[in-house]
Amino acid sequence: MLRNKQEDIDIKIKQEQIMQEYKEIKKIMKKVWENNKDDTYFDPDHLDNFDYRFMISWLGKTYKPEKILEIGTRSGCSLGCLLHSYDSYNNVEVFSFDLWREYELNILKNKKISSITSKFIPFQIKKKLAQNRVLRNLRYMNVETDELNINFFDGDSRCNVPNFFEKNNNIKLDYALVDGGHDKTTAWCDLMNVVNHVKNGGILVFDDLIDNYNLITVWNDFKKYFNKSFDFYDFMVSKGFAYAIRKE
Ligand SMILES: C[S@@+](CC[C@H](N)C(=O)[O-])C[C@H]1O[C@@H](n2cnc3c(N)ncnc32)[C@H](O)[C@@H]1O
């Protein structure tokens, strides 16, 4: 897609603002990592120079979204980055969709020996443990989970998200993250299932555009369809990530 000079300057300015989050995110990662050494998502030494989590943290600080939907919460890293800077969580409502399958239980201090892979844990237990881990990690990231209204949904987002909106058609989102299944068909389906529920001024976040998953083709198709309805901000660094703000 052709870009004009002004768009390039805007992206550069945004990129510089977003980079400012580096130190704070690193500190927050460290706090979770020290209590959670089995979850490499929080390893501060694995942070890229320009990471999608800086962008999410910057979006949280700048826009303070209140109605939030995440497809792919995993262990709460992206959600914590979004929410860590809020003064209050009283008006915040989160809808969190995941399969909750990526859980490993560590029963001994020596995690290498004690790790029980998820296939040996019954799903109902695994799901609860995974969701509790999200809440615990959010607390490490300074989020007041007692104030927060967070709703967990388990199962395939391709069915669960449309089912959710069928029952809650009036919900308009300030923020949606699409970071669940990373095959192109699922990513496209998830984008399509949330896009019309993002309110004017609301934000849609998408990542893994380049690198292994190469979802750039999905994002470019999405941009073609919704060119008139959103302003797009793409950052083709690290693994490639983007956000879009609804303008009509
Ligand atoms: C890349 S991780 C999400 C990382 C998280 N957003 C973060 O940055 O901390 C992807 C998550 O999506 C979940 N997932 C994959 N396919 C899914 C599907 N079809 N429906 C719902 N969740 C899915 C996985 O279980 C995993 O937890």
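1. Asp-211 is found in the loop between strand 7 (198–207) and helix 9 (216–226). Helices (H or I, at least four residues) and strands (E, at least two) are DSSP runs, numbered from the N terminus. This is a predicted model, in which local features need pLDDT of at least 70, side-chain atom pairs count only at pLDDT 80 or more, and totals for chains, interfaces and linings use all residues. Residues are numbered from 1 along each chain as its sequence is written.

2. Asp-211 is not a glycine, yet its phi is positive, near 70 degrees. Asp-211 counts as exposed, with 12 C-beta neighbours inside 10 Å. The cut-offs, with C-beta atoms placed from the backbone: buried means 20 or more other C-beta atoms within 10 Å of the residue's own, exposed 12 or fewer, partly exposed in between.

3. Trp-100 also deserves a look. Its phi is positive, about 55 degrees, and Trp-100 is not a glycine. Trp-100 sits in the loop between strand 2 (93–98) and strand 3 (105–106). Trp-100 is buried: 24 other C-beta atoms lie within 10 Å.

4. Helix 6 (residues 123–140) has 18 residues. From first C-alpha to last it reaches 25 Å, close to the 26 Å expected at 1.5 Å a residue. The expected span is 1.5 Å times one less than the number of residues.

5. Which residues of helix 6 are buried? They are Lys-126, Ala-130, Gln-131, Val-134, Asn-137, Leu-138 and Tyr-140. These buried residues pack against helix 2 (22–34), helix 4 (77–83) and strand 5 (149–154). Contact here means C-beta atoms, placed from the backbone, within 7 Å.

6. Asn-142 follows helix 6, with a positive phi near 75 degrees.

Technical notes:
Two residues are in contact if their C-beta atoms, placed from the backbone, lie within 7 Å.
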